[in-house]
Structure formats: structure tokens, C-alpha cells
Protein chains: 2
Amino acid sequence: MSTQPQQFSPVTSDFAPAITGSTPAAEDGFQAALAEWRAVLGPQHVLTDQATLDDYARSTLPRGTRPRAVLRPASTDEVSRVAAIANQYRVPIYPISCGKNWGYGDRCAPTDGQVIVELSRMNRILEVNTELAYAVVEPGVTQGQLYDFLQQHNIPLWIDPTGAGPTASILGNTVERGYGITPYGDHFAQIAGMEVVLPTGEVVQTGFGHYGNAKAWRVFPRGIGPYLDGLFTQSNFGIVTSIGVWLMPASPHVELCLFSADQDQAVDELVERVRWLLLHRVLVGAVNLMHRNRILTVLRQYPWELMGGRTPMSEEVAQQLARQRQIGTWNGVAALYGTRRQVAAARAEIRRVLKASVDRLAFVSEGKLRLARRIPWLVKLVTGMDVGQLLAAVEPALGIVKGKPNAVSLNTCWWRSKRQPANALPDPHDHCCGVIWFSPVIPMTAGHLREFRRLAEPIMAKYRFECCITLTAVNPRAFDCTLPVLYDADDPEEAQRAAACHQELLSACAAAGYLPYRVDIHSMPLVTSPSSSFGMLCRRLKSALDPNRVLAPGRYVIKP
Amino acid sequence: MSTQPQQFSPVTSDFAPAITGSTPAAEDGFQAALAEWRAVLGPQHVLTDQATLDDYARSTLPRGTRPRAVLRPASTDEVSRVAAIANQYRVPIYPISCGKNWGYGDRCAPTDGQVIVELSRMNRILEVNTELAYAVVEPGVTQGQLYDFLQQHNIPLWIDPTGAGPTASILGNTVERGYGITPYGDHFAQIAGMEVVLPTGEVVQTGFGHYGNAKAWRVFPRGIGPYLDGLFTQSNFGIVTSIGVWLMPASPHVELCLFSADQDQAVDELVERVRWLLLHRVLVGAVNLMHRNRILTVLRQYPWELMGGRTPMSEEVAQQLARQRQIGTWNGVAALYGTRRQVAAARAEIRRVLKASVDRLAFVSEGKLRLARRIPWLVKLVTGMDVGQLLAAVEPALGIVKGKPNAVSLNTCWWRSKRQPANALPDPHDHCCGVIWFSPVIPMTAGHLREFRRLAEPIMAKYRFECCITLTAVNPRAFDCTLPVLYDADDPEEAQRAAACHQELLSACAAAGYLPYRVDIHSMPLVTSPSSSFGMLCRRLKSALDPNRVLAPGRYVIKP
């Protein structure tokens, strides 16, 4: 009856798999399900060949999981029938959108033997409302696709891109509660109505959507009665087959605010001041505070030569590389939006608040970039950088804050690799990149950041990895810290060390109260402990919605 | 399997009540439950006397419902035991916070014979965090109480007050998904962790709260795994016993923006321009657009003498009253926050955008009000109003946007009454006020507003009530329209007419797709029709969480 706080137990990486059909009866059921799925989807969209299964088992994590089959439905109705068949034969299915969940599990289910339901063929942009500034998209619609559509039709609306690149799904990131850095960065908060297929096959619209003719479905997501959208994020309660997404009207004027501080301890003061700017809405989108090491992972690969093959990177080499590129120990970026007048007012406040805490503070607009291109010698004189270097650093960021996705952040995945990214839109899988994300939430105070770093940094060092922190203000009161464990996937020893490092990080930080906002497939047993009342509530909901436990077993909601 | 849009059926005002103990066995169960509740709460907090039951049956609606008993637990543990006992003996209980749900049902359950669980004794402010700007409150904490606490301790944080007045519960409004007009006006979006008692008695913390030592519980509400807060709003799935609430840091400078237009059709242009201002974040809180009639209901009672006792108010009389007080046909109010520089920038943009669409546009700061008090003749010269009139109009609004609750909006409840409000904080019950709220959501376009008015206005006229519209921008894409049906509760014929009017309004507007964001206790059968897949989903969740259906039967989630 009384509240029972959940104790954080160490990650058990080999928890019991779900029903995966090891008995002859289950095997018969699987074959029967396959036959029905083939009839519904066409045999070309039910893949069971070894090459495909091998391909889907690849992961940027040290260990992937192997599916039993891959289904590729093309419509909500097909998804509904896929689920009903799975339910009838009790075969576990695992939905993915485009499968770009880099460093969290990619296209893999938490356990071997699930049937992947890939929704990338459902790639229709169902509606774009220019007046009320929203779009309705299926799971297969990528960031790049919606961006291109808006450009081609001269629609002055911007998406909020994540760092996962142009080929990543908008819906997939949203139901995983991902975020970006524009004022629309909290993706859950931009959901404007969902269509969901329940594990038993029924199709439900959330919010006002179940009233056939509701006028405000896409502009007032909560509807009336219980507000259920949250139920279908980070869970295994339903397959989301379309969502409305609010889009940001193009801002008349945009400037990047860039700042950096050379002393490590300067970040404490910065955190306090950034919180003030956010709480007082001088800044309306996110602020990113990036440690030097993180920026280096974007700009280059590990300095194997300079380090003579040793890891981790020494402070001396790190400082040398940072100096070459004029990177501070802590580097901030934020975007200002509005009319020229509003941006000027914000600029003045930011200068007032941040000036004493930073070594460099600059505001960059597209106008200034155009000027820089015309007068390169002046740029060199003022910044010491050549124009190419400046534009390479600033243009992708300016693109992102104006809704244009790019793959620059993905560079990080190549940090410890000895291979080279091959082309403009490289796929981390194709180059055996190694990355495990650790993403704890840190209350936005200097004290919490210090406490967190005191825990995390020695663990990274112990396992010979660099601490590559980015702090993103997911709201004015909290940072999401993304701290990737980057490893060379071609080096089995390093891969094993990376897994151990991530596990110790997660356990130690969670034990100290710094929980992640999202986890990879192997860390999900951490999320809902059977002993907590929250875990019990989740399982009751699971039983009500998925009595045969066929949908994504092991995904966030874990059976006792 | 396929989607089945819910058809809107007319309100059935006498739907089947829940199990209320009409059989002898049920009567025994009720008596046994009472005995156990008395043991847990003390007999003085288990009220069954006729006077109390009569009191709790009163309503500002034309018809209240009569409870069987009133329980007054004082802690989460007591609430948990109350629920477990209810569940054991299958006695329906109905939780209320402070019972100020004026015009939606007050302290009444949807059906007769439920046991009211009033949480007003749980009135502790459990935490105020000045650094991270939030409070944690129990259901009995009122708007006035938290405001006073912050004042007394010189804490520069503001609440977002609703119009329900200083004695209304913060938590109660929030779990009903109410709203205010500051930038923190979307109350659901300010929830920072919930504690919930399930119908079976278990206590659950949402978000990170179930980890005993979570550092970010109050600053990152979503936690990890399914985000369940929405489940416990506008539902009967749990009793919320405390919530975190984000508070707004006091703004260095505040100005009210007041504008009005004399032509009725000017509102169309205003809607389009207000949407631009909100979508571009020139305005960050809500904008209220109020029809002349609505303002009159706040400033005075019905002009019975001028109208010779007839209803509704004639256009001629309305115009005369509006002229006397310099009220336009449509009147807008919004607040600007920030530093002086930011407010000045916003002011300039608003002037540019609104100027051509309004007849009057003024910005009022506290500085200007102080000046007005010192030089009253100048005010008279410039505005034609005497200072008292100006201050009476502006000061309460300026208070609200700075987090100081007042009861001015409640005046509306007295419009058709022939009694007089007695004191500074009058209780609409004590004066037999008659009000039924109708609160449809209207997409923020001129076309939708026209379509909605074309439906609603003739219905109001047909039943001889004034159309007293306020449009509040609940987000940059949608208005909540509050359209009260105000009647004289001392006049049974008018009360009956009001109920019929409200029912026709709701049915006609809902049939056209304009659904309410919230409804009164008698309209709840509208919300989840058994035939829709959404209704089916809600009932599955209900069965999982409340197998004996003891919690608030008939509240939003209706059994088939």
C-alpha cells in the first residue's frame, strides 16, 4: 500500500528472452503466421533469408540481436493485420520505423528471435497545413523527405531535425521521445494526434481523432477524456502508424549565438547563466554546451598517430587539437529567432548575461556569412580562421536551427574507427562504427553537473575512453547529457570494454539518481523493475492491451 | 479492425447510474465500508448527516447530484486506505480537491449515491524550489495559498492563476487540464511528477519518481518508459495526491496589451493576426479575445430594469452599456514579459501587426498605472475614463498575469441572478448562481470562428441567452472558447431552458466537429462512446486499473 522506491540494480545483459518459439508447437505457429503474413503483404515483403536476417542483426552496439523474419507492411490496415496474425499465433513482433536508432539498438529488438516489422514503406506525408503549421506523417517519412517537400513547395515551415541525419524517421524519433534544438525541440510536445494499432489489431486515434469530423484534432492534441499519447511512447503498448507534428513557421531572422570558455570550471557559471536565459525566455530553443572532446569527435577521427595507438587521448594532444581549431574547453551554441528587432533585444540580453563568463562570444547571421565569403581576409584577421574552416563549422549548425537536417553529428560514430566515412550520407553500419549512447538527465544547476561529472569522468577514464559530453537544454530546468561511449567495432577487446564501461556508467549514475531519458535495447531491464509500483502499473497496462505479449517483448516494459 | 469514427449522439441526461448500493447486500457493504472508513479517518471525517449531503448536492448547474457520504482524508496513506476499503466493499467513491469546479459540476459526482472523497485537508505545500522554479503541492493547496506563501517568503516565482479564484485548488484544475493565460497557462504542460493512488489502493509515482533518489523527477516530467501522466487527467483511473508544478520566474518587466475593435466582423482579421503573433512568439502567453457581452457579465449584472425584465439583452441596451464603459465589440488582452528591451521589441511588433485591425491599442505597465494615480485629470483627458474606472478594469488583469489570483472572473456567475454578491470572495453556491460552461476548441482561423459562431449564436438566441464568448489561445493554433450559459437559478423555468440550451449547443457544435476540451458532469456520456475504438481502449484501461469500477464511475470514461 505504501510507496516503494525502485532500487537500481546492475544491468543484467542476458535477461530471459520473450516467447520466441523454441518448441515445435511454437515453430508451427511461426510457420502458419508466416504463411498468413505472405498472403497479406505479398511474399516479397516477408523476408526470412539469411542475408537479410544477418543484415538486420548488425548493430553499432557491441552486440546486436537476430530477428526471425522481417515484415514490410505498407499501410495501417496491413499493420493491423500483421498484429492480429502475430497475436493469433503468439509470435513476437518488433516495430521499427526507418531503423536509424544509432547507438541505441539500430534495427534490433531487445531479444533474439522477434519478427521485425519495418514501417519504412509507409512513407506518405498525409497532410501539410500551411495556415496552422503542422504536418501529418507516416513512420517511413524521413527528416530529409519532409524538409525537401517543404522546400519544393515553398512552404515556410521548418522541421526540428535531430542529429540522426536526413534518412532518420520523424515519427520513430518522436515516439522514442527524442529531441532537437529549435524551439520545437521537445518532440513529444509537438505531437498533434496519433493513429495507433493496438497489439490485438484494433486501430485507435488519440485525442479528438476518434470523432470522425473533429476540427481541432491536429491543433489541440489532448482532446477530451484521458490523454493517452504518452502511453504509446517508450513502450510496447501499440504501433504508431501516423502522427501529426507541429512545424515551426520560418522565422524572419535567425542568428547563431556561439560562445566558448577556456577554463574547465567555467562551465559551472555558464550553467547558472544559461538557466537564467532559458527561464526568462531570452532563449527559446535549446542551448548546447559541448565539451572540447565532443567537438573533436565531430571534426575528425581519433588521433591514432599522435597518440602512438594508445587510448585514451591525452590531455596534451587534446589541447593541441583544440588550439588548432580554436575550440574552447566548453563551447556553447544557441539560436535566436524573431524579427530583427526581437533578435537584437535578445542579443543584448545574452551579451549582458554571458559576457563575464566566456572568453569568446559571437553572433552569426546568414548576412554575416555572406559577408565573410566576400571578404575572406577580414575573417582571417578577426577570427584567425580561414573562411572555409569557419563556414564548415557554422553552416551545418545554422542549417539545423533553420530546419535543414544534415549528417554532421553522425561523424562522432567514426571517432575510434580506423575506417573512413565513404560518402556524403554515410551509414554507420556500413563502416562498422561503434557507439553506445548514455543519456542521463541532469537538473540544470552547477552543483548537479559537478556531482554527475565526478561520477562519470573517472569511469570513462578507467575504461580508456574520452568523456565527450554535450549538455542539451531539453527544457529550462534540465539538461539531457549525451555521453557516447565510442569504440572501434573492428577491435573486439575495445568493444567489450565499451560495453562494460557503458554498463558501469549507467549503473553508477542511476544509483546516484541521474537516470537516462532513453536507453539502448540491452539496458531496458533497468527501466521498470518488477518491485516498483510503477513497474507493476506498466505491467497491468501491458496485460490489458497485449494479453498474449506479442508486441515488442522486452521494450521498456519488462515482465517480472 | 478498421477505424470507426465516433458518431456524436445527443446527450442523454439520465444515463444508467453506477453500482450505488440499491440492494440489501450492497447496503451492508456500504455500512461496513463506513465503519472501516471511520476507523481510518476518525468519525469526524466521515460525514453522512443530511445537512452535509444537502450541502454537497448543491450545484451551479441546473441539477446537482447527491452523495451518500463525504470522506475527508488528510494524507496519501489515508487516501490509499479509503480506496482499498471502497474496492473491498465495491462502494463508488468520487475524489474532489477543493470542490470549486464551478459550472462543470462543483462538488458533485456524475451520478447520485457516490461517496465524495474531498481532499481539501491535504493542503501542504511540500516543496518550493527557488533555483529550479517549481513547487510540489497536495490537492487542497489553493491558488491563493501558494500565492501567499511565495509572497510571504519573498520568492520571485509566479503561479498561473485561473479565473476560479483564490480558493480553487491548483491540482484539481491541473488534472482537469485547465488553463490560465500566462506563459505557463497550459497547466498539463507544467506538471512535474505525480503521486497517484490507484483505485485498488497502490501508490504510484510517475516519471522518474519511482526511483527513490531520482534527481531530475521535478525537472524532467517524462521520466523513462511510458509517460503516464496524461492517463490520470480527465479520467477515473487514479486519485492524484500530489503534483510538481513548474512556476514562472518573476519577469523583470510586464505590460498589458489592450486592444479593441468596434465592428463585429473585425474579429476575423484579429484572429489571423493574433495567430501570427503567437506562432512567431511575439506573444508567449495567451491572448484573450472577449466579446462585449462577456465583459458586461464581469462588470455588472443583467440590466433587468433597462430590459423591463425581458431576456435576452437587446442589441440596443448592450451597445448603450458598452459605450458607457468604452468597451469595443471585441476586446483583446495579452501580457508582455521580459526585460524592458524585450518588452519594447514585442510592443513594436504588436503595434505593427495589430494597428490596422483595431480601433484602440494601448500598453499599460505598472509604471503607467502609478502615473495615472498621480495625474488623474490626464487619464480623463486621454482616455475619457476616470482613474477609478481604469484601475478597476486593469488592475485585476495585471494581477492575474503576474500570478496574483482574484475572483473577478467569477462575477460572470451573477449575471442573471437577482441577488447581490455579498463580499470580496463570494461563493457562487451561496448566492444560487446559475452557470453551465460550454468550452469548445476552435482552430485559430477566421473561417473556423465564423463557422462556429454561425452554429452557436442562433442557439443561444433561441433559448433567450446572450452569447458571451471569450476566446483564449490555449496554444498558437487553437482557441478554447468559453461560452457560459448564465441563468437565474432562482427561476426554475430559466434553469430548465439553460439546460436545454447547453445540451443543444454541445450536440450541434460537436456534430459539426467543434468538441469541448472539458465537460460538466451531465455531459460526460458524450465523451467516450462505446462504439469508438478510443472508447474501447479507455474501457480496457479502466478494467485493468479498476476491476471493481469503484473510482468515479461515469467520470469521462463511461461503461458501454
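Ala544(B) is the residue of chain B that comes closest to the rotation axis, with its C-alpha at 2.9 Å. The model is a predicted one. Chain B is superposed on chain A by a rotation of 180 degrees with 0.0 Å of shift along the axis, at an RMSD of 0.0 Å. This is the relation of a two-fold axis.

The contact between the chains takes 85 residues from chain B and 85 residues from chain A. Among the elements of chain B that each supply at least two residues to this side are H3, strand S9 (203-205), helix H9 (340-354), strand S17 (441-443) and helix H15 (533-545). H15(B) gives the most, with ten residues. Because 100% of the interface residues of chain B are also interface residues in chain A, the copies meet through the same surface.

Within chain B, the axes of helix H1 (residues 24-41) and helix H3 (residues 76-89) come within 9 Å and cross at roughly 165 degrees. Angles over 145 degrees count as roughly antiparallel, and H1(B) and H3(B) are therefore roughly antiparallel to each other. Their crossing is right-handed. On the H1(B) side the contact includes Phe30(B), Trp37(B) and Leu41(B), and on the H3(B) side it includes Arg81(B), Ile85(B) and Tyr89(B).

The residues of the two contacts divide by class as follows.

Note on methods:
Residues are numbered from 1 along each chain as its sequence is written. Chains are lettered from A and ligands numbered from 1 in the order in which they are written. This is a predicted model: local features need pLDDT of at least 70, side-chain atom pairs count only at pLDDT 80 or more; totals for chains, interfaces and linings use all residues. Axes are lines fitted to C-alpha atoms, for helices over the stretch in contact, and angles run from 0 to 180 degrees between N-to-C directions. Helices (H or I, at least four residues) and strands (E, at least two) are DSSP runs, numbered from the N terminus. Angles under 35 degrees count as roughly parallel, over 145 as roughly antiparallel, 65 to 115 as roughly perpendicular and the rest as oblique. A crossing is left-handed if the near helix is turned anticlockwise from the far one by less than a right angle, and right-handed if clockwise. Two residues are in contact if their C-beta atoms, placed from the backbone, lie within 7 Å. Copies are superposed by least squares on the C-alpha atoms of residues with pLDDT of at least 70 in both.
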